[in-house]
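Subject: Structure handover

Hi,

Here is the structure for you to open alongside this note. My findings follow below it.

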Amino acid sequence: VPDFSDELEHWLSTAIQAGHINQGYFQYQGSLNKGAAPESRSLSLYFDVHNAQLEYQPGWPALTDATAQVLIEDSGVRISVDQGKILNSPVSRAYAEVTYGAAGAIPVLQLHAQLQSSVRDGLYFLQKTPLASTAIEFAQWRGQGALPAVLDLTVPLAAQQPVHIKVALNAHKAELDIPDINVQLRNLTGQFVFDSQRGLSA
């Protein structure tokens, strides 16, 4: 396999939990000489999979029932998802990438997903994931209704490194209860963005 860092190798061995391979290939290009320099060769693996499960980061809900293409090469890992599900939200499109940087650099996971989501699943991210510790103002919020969302997640693959999440939400006639201030919102329509570094904006 390509000569990945320990962090990226660990992520590969733990993140891809299940799936059926429709087809795949292994490709080697370069020198066959013993002791040849690593830059003189290139390795790549490709898989076309269905019913895949990707646990991209501990503490976050997994991507399940996915139809995806997985490419593993010297520069990193790329996963393109045509369909799947996170919690109860269908995923219409998703892309995950872990690039292999310079020697000693921490690999970073970038995840982009378009979801046909709901208020309930949106609140799950704020209340039940590692994000909850920095989003305590949402702890008691409740709601229901359709909430299409675009999720962007940036995760350094090393312990004690901060995760950056950005969620763009498009509410249409949703319901939201905020008991802390005794507010009930009905027929809520509009665009909202939650950014873990900047908070909530509308």
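Gln29 touches Ser40, Arg41 and Ser42, leaving out residues up to four places away in sequence. Contact here means heavy atoms within 4.5 Å. Gln29 sits in strand β1, residues 16-30. Its relative accessibility is 47%, so Gln29 counts as partly exposed. The cut-offs are these: buried is under 20% relative accessible area, exposed is over 50%, and partly exposed is in between, with a 1.4 Å probe and protein chains only. Gln29 and Trp141 are 112 residues apart in sequence and 54 Å apart in space, C-alpha to C-alpha.

Some ground rules. This is a predicted model, where local features need pLDDT of at least 70, side-chain atom pairs count only at pLDDT 80 or more, and totals for chains, interfaces and linings use all residues. Residues are numbered from 1 along each chain as its sequence is written, and side-chain values use heavy atoms, with hydrogens and water left out.

The overall picture

The protein chain has 2 helices and 11 strands. Helices (H or I, at least four residues) and strands (E, at least two) are DSSP runs, numbered from the N terminus. The order from the N terminus is α-β-β-β-β-β-β-α-β-β-β-β-β. The C-alpha atoms fill a box of roughly 70 × 35 × 25 Å along the principal axes. Of the 202 residues in the protein chain, 34% are buried. Take the contacts between residues at least 6 apart in sequence: 52% of them join residues at least 24 apart.

The protein chain has 12 positive and 19 negative side chains, and the centres of the two sets lie 7 Å apart. Lys and Arg count as positive, Asp and Glu as negative; His and the chain ends are not counted. Each charge is placed at NZ of Lys, CZ of Arg, CG of Asp or CD of Glu.

The core

The largest nonpolar core has 49 residues. Such a core is a set of buried Ala, Val, Leu, Ile, Met, Phe, Trp, Tyr and Cys residues joined through side-chain atoms within 4.5 Å. Trp11, Tyr56, Ile79, Leu109, Leu151 and Ile165 touch the most other members. Strand β9 (residues 164-178) gives the largest share of this core, 7 residues. In soluble globular proteins, nonpolar side chains tend to be buried together.

Look at Leu151 next. Beyond four places in sequence, Leu151 is in contact with Leu111, His112, Ala113, Leu115, Phe125, Ile165, Lys166 and Val167. In helix α2 (residues 119-128), the buried residues are Val119, Asp121, Leu123, Phe125 and Leu126. They pack against β4 (76-86), β5, β7 (142-144), β8, β9 and β10 (183-195).

Side chains alternate along strand β6, residues 108-115. Leu109, Leu111, Ala113 and Leu115 point to one face and are buried.

Two strands pair if DSSP finds at least two bridges between them. Strand β5 (residues 89-99) runs antiparallel to β6, with 8 bridges joining them. Arg93 has Gln114 in β6 as its bridge partner. β6 also pairs with β8 in the antiparallel sense, over 8 bridges. There, Val108 has Pro156 as its bridge partner.

Pro156 lies in strand β8, residues 149-156. Its relative accessible area is 16%, so Pro156 is buried. Pro156 and Val108 are 48 residues apart in sequence and 4.3 Å apart in space, C-alpha to C-alpha. Not counting residues up to four places away, Pro156 touches Ile106, Pro107, Val108, Gln161 and Pro162.

Other residues to check

Ser44 is in strand β2, residues 41-54. At 6% relative accessibility, Ser44 counts as buried. Leaving aside neighbours within four places, Ser44 is in contact with Tyr25, Phe26, Gln27, Ile72 and Glu73.

Asp65 has a phi near 50°, a positive value in a residue other than glycine. Asp65 lies in strand β3, residues 63-73, and is partly exposed at 46%. Lys173 is not a glycine either, yet its phi is positive, about 55°. Lys173 lies in strand β9 and is exposed, with a relative accessible area of 55%.

Best wishes
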